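Have the viewer open and try each task before reading on.

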Amino acid sequence: MKKIQMVDLISQYEKIKPQVQSSINNILDNAQFINGPDVHSFKDELGAYLGAKHVVPCANGTDALQIAMMALGLKPGDEVITPSYTYIATTEVMGLLRLKPVFVDCEKDTFNISPKAIESAITARTKAIVPVHLYGQACDMEAIMKIAEKYDLKVIEDNAQAIGSDYTFSDGTVKKTGTIGDVGCTSFFPSKNLGCYGDGGAMCTDNDEIAEKLAMVANHGQSKRYYHDVVGCNSRLDTIQAAVLRIKLRELDNYIDARRAAADYYDAEFSEVKGLTIPKRVGNSKHVFHQYTLQLDDGIDRDALVAFLGEKNIPAMIYYPVPAHKQKMFASLETSSGSLENTDWLTTRVFSLPMHTELEKDQLDYICSTVKEFMKG
Ligand SMILES: *Cc1c(COP(=O)(O)O)cnc(C)c1O
């Protein structure tokens, strides 16, 4: 059996090696490292895949969130409603821009932000909502967009874990995650569902004016060369990374199928195991399984389980052990709104198993039987 890893990027690379090497060599031969033709082609190809009018690439997913908040005109003191149960990047940029993150609870079964909690957190200073499509499944975007419309709020989707996922509205309209709010932000960190071989990120929008602002903020606030209208930053996607992403974008739907097949396998093995709750799949979103995250009943020793798996050479991770509202970086802020009981409970009870595009049947078998062995006690 091949060594089990949380994410196996090497086996995945083996299958696209000739294309990747020839693309990168071509860039080296032409020295078009910044804004080369692959960047422009990737922009168009990702836009076509997502069904988004504009794609603005940038240096990483964290920058994408920051640039989106700057381009939408959020100002110091503005309140932004966001889940506490997420990767820190989502909320850290709010701190950096001196916005006020207002952390609300998630739903226990989907891990995603609760629309009800959003609505009760709204004040006169609320300016935006940042939902995170955690682990690869869409938030309840129909409810979130209704709230945003009612209170005139901006919506920035953190789509770093869900690229390729879609969401079906009650009228039957289907949209890709990241194309529903005002701006969708994503990350091409190597382990993400669409990952490059370094750092990368992108924003997308259907609004021409917002697209122009995003591009301007990402490029030193520049309207035309050497004329800088607003304070921006320097955030670009390298040509080499864009070339890698063009190749991997063509594989993305296959990658998603492979992740979903591994998740189906886990679901079938674990659905009847006492003490374990498998991740819920909602009917109106296609789960793309960035992570496969289980919940352990109260009283079962999570550390012991992770250690047991480790001894058997099975990696397992806790995403995330500390919610944002309990991070020291936010200690001086009075930020939470309402109870965060699901968030607090989940951070002590979840664990994630290996999830990637190259999992083989003997590996899945071994992982499942080892988890079950522990659960039997
Ligand atoms: C990975 C991730 C980010 C940040 O992306 P980087 O490219 O690492 O900056 C933001 N939000 C979520 C939910 C993520 O998983």
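Exposed means over 50% relative accessible area, buried under 20%, and partly exposed in between, with a 1.4 Å probe and protein chains only. The model is predicted, so local features need pLDDT of at least 70, side-chain atom pairs count only at pLDDT 80 or more, and totals for chains, interfaces and linings use all residues. Residues are numbered from 1 along each chain as its sequence is written, and side-chain values use heavy atoms, leaving out hydrogens and water.

**Exercise 1.** Find the salt bridge partner of Glu142.

Solution. A salt bridge puts a side-chain nitrogen of Lys or Arg within 4 Å of a carboxyl oxygen of Asp or Glu. Glu142 pairs with Lys146, with the closest N and O atoms 3.9 Å apart. Both sit in helix H7 (residues 141-151), 4 residues apart, about one turn of the helix. Glu142 is buried at 19% relative accessibility, while Lys146 is exposed at 57%.

**Exercise 2.** Work out which residue forms a salt bridge with Lys127.

Solution. The partner is Asp78, with 3.5 Å between the closest N and O atoms. This pair links distant parts of the chain, 49 residues apart: Lys127 is in strand S4 (residues 126-129), and Asp78 is in the loop between helix H4 (61-71) and strand S2 (79-83). Next, check accessibility: Lys127 is partly exposed at 36%, whereas Asp78 is buried at 10%.

**Exercise 3.** Decide whether Lys192 is buried or exposed.

Solution. Lys192 has 15% relative accessibility, so Lys192 counts as buried.

Methods
Helix = DSSP H or I, 4+ residues; strand = E, 2+ residues; numbered from the N terminus.
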